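Student: Could you go through this model with me? I'd like to talk about strand pairing and then packing.
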Amino acid sequence: MGLLKTLLVGRPNGLRAQLRGILGLTKATSEGSPSTGEKGSTPPPPNSPTHEPAEKALRLNKEAPRDVTPPAGYEVVLHKDALEPGKIIEVIIGGTAIAVARVGNEYFAISNKCPHADGPLGEGTLDGHIVSCPYHGWTFDVRDGACKTNPYALVPSYPVQVVGTAVCVKM
Ligand code: FES
């Protein structure tokens, strides 16, 4: 049976095993596969805690700059290239969640908390200057926090300045 298995799936450290490892198809076995920690050239499987998706690696290159001194009262919240035009993101500053939006090359910041039922506006969709709450669709203007769905609702908006590569928000 061992010979038949070797013929069908290859040796534990053979070329086919290495290809399975590269493609993330490796299963942990008791026969010394690459996922058991043996020294080899195969990367860890995708669900391994040491495996970092390429997307995360890209984000690490766009961390909020630490070498920028923000204007008085402002805090650096993110790298200006960390947010593509037409996108909105949730950022935690001093324990408070805010939503930072980019429209063209302008940045805006409003509260992350929808007044309807606490929906996370930073997870909403942005259309021009209008963000739609992901929960029930109320819409807000990211320039001033005005609610377009309910004229009596409003979310706080915060001044934003870009200094070098840093997006800075005054809370
Ligand atoms: S929580 Fe935002 S629309 Fe309902």
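Student: What stands opposite D127?
Tutor: D127 faces I130, a residue of β6. The model is predicted, with local features needing pLDDT of at least 70 and side-chain atom pairs counting only at pLDDT 80 or more, while totals for chains, interfaces and linings use all residues. Residues are numbered from 1 along each chain as its sequence is written, and side-chain values use heavy atoms, leaving out hydrogens and water.

Student: How many bridges join β5 to β6?
Tutor: There are 3 bridges between β5 and β6 (residues 130-132), and the two run antiparallel; strands here are DSSP runs of E with at least two residues, numbered from the N terminus, and two of them pair if DSSP finds at least two bridges between them.

Student: And which order do the strands of that sheet take?
Tutor: The order is β5-β6-β7, an open sheet of 3 strands with antiparallel pairing. Its edge strands, β5 (125-127) and β7 (139-141), each pair on one side only.

Student: Switching to packing, which residues have the most contacts inside the largest nonpolar core?
Tutor: That core has 17 residues, and I88, I110, L121, L126, V131, F140 and V142 have the most contacts inside it; a nonpolar core is a set of buried (under 20% relative accessible area, 1.4 Å probe, protein chains only) Ala, Val, Leu, Ile, Met, Phe, Trp, Tyr and Cys residues joined through side-chain atoms within 4.5 Å. The largest share of this core, 3 residues, comes from β3.

Student: What about a second core?
Tutor: A separate core of 12 residues includes L78, V100, Y107 and V169.

Technical notes. Helix = DSSP H or I, 4+ residues; strand = E, 2+ residues; numbered from the N terminus. Buried < 20%, exposed > 50% of the residue type's maximum accessible area, 1.4 Å probe, protein only.
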